[in-house]
Amino acid sequence: MPHLVLDPHLVLDKVSIHYDGQAAPAVELVSIDVAKGDFVVLVGRSGCGKTSLLNVAAGLVAPARGRASINGKPITAPGSDRAVVFQNDALFPWLTARENVAFALRLRGVRPAERAHRADELLALVKLTDAGDKRIWELSGGMRQRVGLARALAAEPEFLLLDEPLGALDALTRERMQTTLLDLWTASEVGVLMVTHGIEEALVLATRILVLAPGPGRVVRTFEPGFSRRYASGEAIRTIKADPAFAVARGELTDAIFEGEAA
Amino acid sequence: MTVTSYTERAGHKIDETDGLSVPWSRPSPKRKGVSARAVSAVTILVVLALWALSARLQLVSPVFLPSPIAGWNKFITVARDGFVDATLLQHAVASLWRVFAALVAALAIGVPVGLAIGISTIGRGIFDPLLEFLRPIPPLAYLPLVIIWFGIGEPSKILVITISMLAPVALSTASGVRGVSQERINAARSLGATQQQVVRHVILPSALPSILTGLRIALGAGWSTLVAAELVAATRGLGFMIQSAAQFLVTDVVVMGILVIAAIAFVLEFTIRRIERVLVPWAGRE
């Protein structure tokens, strides 16, 4: 029964994922509820089905059991209400950075001048003001991910699905991109569902962390760290990371992720 | 000449590594100041010199091998006065027109066919066997049938060239389509692209480098088929010119025609490489 929702909600309800030719399900009975303004992060060891769950939300993978819905409507295909940013940026090399950002607008038939203007606004938002005319191969890894983010935001999604978007970046760029992500999230008020391997990254960004364990993939712990809210209300990222509470939370999260691994 | 027996050879011991260390497979260290291009230039000059020398010393009768000078002079006279009722330029234009008309037809048919093969299982089921059937047949083999069906006019010649270009265009397009990264397609779909928009905005541009490679191969194939196509009652064209010259044993025109065909093929290849660099500058940089 589709329950009535007033706020936008991205919901995975008791979802199981079963890939063809595999005996065991990849994911079993996982429920995730992302509301507008949430920043939900999935962490867990390899093989726990984080990316599979994200793909279900994206509409790229159909669940074997359970329901995926957005604002009460079942998810059956990808849609621009849930723009995805991939680990390998998946940008289009035949387009400039600006044209990449404007891609979703072009699909909708927005006039060239208007979409260029909007793309420039979004490039400024991700701090790439002067890179509009650059070709994709002229950009660094971090810049490419910024273009990828701007491109996703151009679709004006209600939810952003981030599949390890910072996974391929070096440590310093990664750290800078975390604040960019937080800034975008605060400014746009989208709901975010993100997959990551980074423990610190999860703590910094998430309003809610779901820890998954493999065999089959399932949620074993839930954390509500609250550091990203502190950033949103003006606290500096370095102060937050230096807070003893941050170290404690990191320890707890690490323990939760590796719990039962010895078995 | 006696055949060397195996017992004799056995005396020369061959161990396993010998097979790998043949002189021509060993990557020789690059010598300073010698570029492949310079060596190529010297090679061409040596061949020309040998050719001129053998003609000069009359080692071979001019009927069989005219001198380079005679070839060059023939180039000038045919360019100015023509041969069999058309100047060299008119022959060349006639040939180029046929090849380019065929190229347009081959692209118009081959690219959609390649897309169908690359995108849909049904498309692959339909077109793959047809192309695999067509691909290995030498153009001269189906030429008579094409003449029976379409006569000896211009369409027959263009059709034969088109058929020879079809497989490279379609198969390169298909391989380009199959090489499109799934992530790129997923990204476009999640940005709201419909199936047609994915084909138009993602698959086609992604496959463009492959399509251009196919075009280059096709142009080579078409240019080779040209001479065969022009054997069929043409009144103009480089292939026709060579053919008629051969019938009158005007060997210098034959040789000159061959060199002109080679030169045009070289220019075409060079031009397409240029076009590739402008059109798909991202190829190989991803």
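Predicted model: local features only at pLDDT ≥ 70, side-chain atom pairs only at ≥ 80, totals over all residues.
Me: How much of the contact in chain B with a separation of 6 or more comes from residues 24 or more positions apart?

Reply: Such residues account for 72% of those contacts. Leu131(B), in helix α6 (residues 121–134) of chain B, gives you a case to look at. Leaving aside neighbours within four places in sequence, Leu131(B) is in contact with Ala167(B), Ala170(B) and Leu171(B).

Me: Is Leu131(B) buried or partly exposed?

Reply: Leu131(B) is partly exposed, because 19 other C-beta atoms lie within 10 Å, while a buried residue needs 20 or more.

Me: Now a helix by itself. What should helix α12 of chain B span, and what do its end C-alpha atoms say?

Reply: Helix α12(B) covers residues 251–279, which is 29 residues, and at 1.5 Å a residue it should span 42 Å. The end C-alpha atoms are 42 Å apart, so the two values agree.

Me: Which residues of α12(B) are buried?

Reply: They are Asp252(B), Val253(B), Val254(B), Val255(B), Met256(B), Gly257(B), Val260(B) and Ile261(B). The buried residues of this helix pack against α4 (68–81), α5 (88–119) and α11 (238–247) of chain B.

Me: How do I describe two helices that pack together?

Reply: Two packed helices are described by the angle between their axes and the distance between the axes. Take helix α10 (residues 195–230) of chain B with α12(B): the axes come within 11 Å and cross at roughly 170°. That makes α10(B) roughly antiparallel to α12(B).

Me: Which residues meet between α10(B) and α12(B)?

Reply: On the α10(B) side, look for Leu208(B), Leu212(B), Leu215(B), Arg216(B), Leu219(B), Gly220(B) and Trp223(B). They meet Ala265(B), Leu268(B), Glu269(B), Ile272(B), Glu276(B) and Leu279(B) of α12(B). The residues of this contact divide into nine nonpolar, one polar and three charged.

Me: Let's turn to chain A. How do I read a sheet?

Reply: Strands of a sheet pair through backbone hydrogen bonds, either parallel or antiparallel. In chain A, four strands form an open sheet in the order β2-β1-β4-β5, with antiparallel pairing.

Me: Which strands stand at the edges?

Reply: The edges are β2 (27–35) and β5 (73–74) of chain A. Each has a single partner strand, so one side of each is left without a neighbour in the sheet. For β5(A), the pairing with β4 (residues 65–70) of chain A is antiparallel and runs over two bridges; in one of them, Ser69(A) has Pro74(A) as its bridge partner. Helix α1 (residues 50–58) of chain A packs on the sheet and touches β1 (9–17), β2 and β4 of chain A. The direction of α1(A) makes about 125° with that of β1(A).

Me: How many residues does the contact take from each chain?

Reply: An interface's size is often given as the accessible area lost when the parts come together. Here we can count residues: 15 from chain B and 20 from chain A. On the chain B side, α9 (182–190) and α10 each supply at least two residues, and α9(B) gives the largest share, six residues. By class, that side has five nonpolar, five polar and five charged residues.

Conventions. Residues numbered from 1 in each chain as written. Chains lettered and ligands numbered in written order. Expected span 1.5 Å × (residues − 1). Buried ≥ 20, exposed ≤ 12 C-beta atoms within 10 Å, placed from the backbone. Contact = placed C-beta atoms within 7 Å. Axes fitted to C-alpha atoms, helices over the stretch in contact; angles between N-to-C directions. Parallel < 35°, antiparallel > 145°, perpendicular 65-115°, else oblique. Nonpolar A, V, L, I, M, F, W, Y, C, P; charged D, E, K, R; others polar. Pairing = 2+ DSSP bridges.
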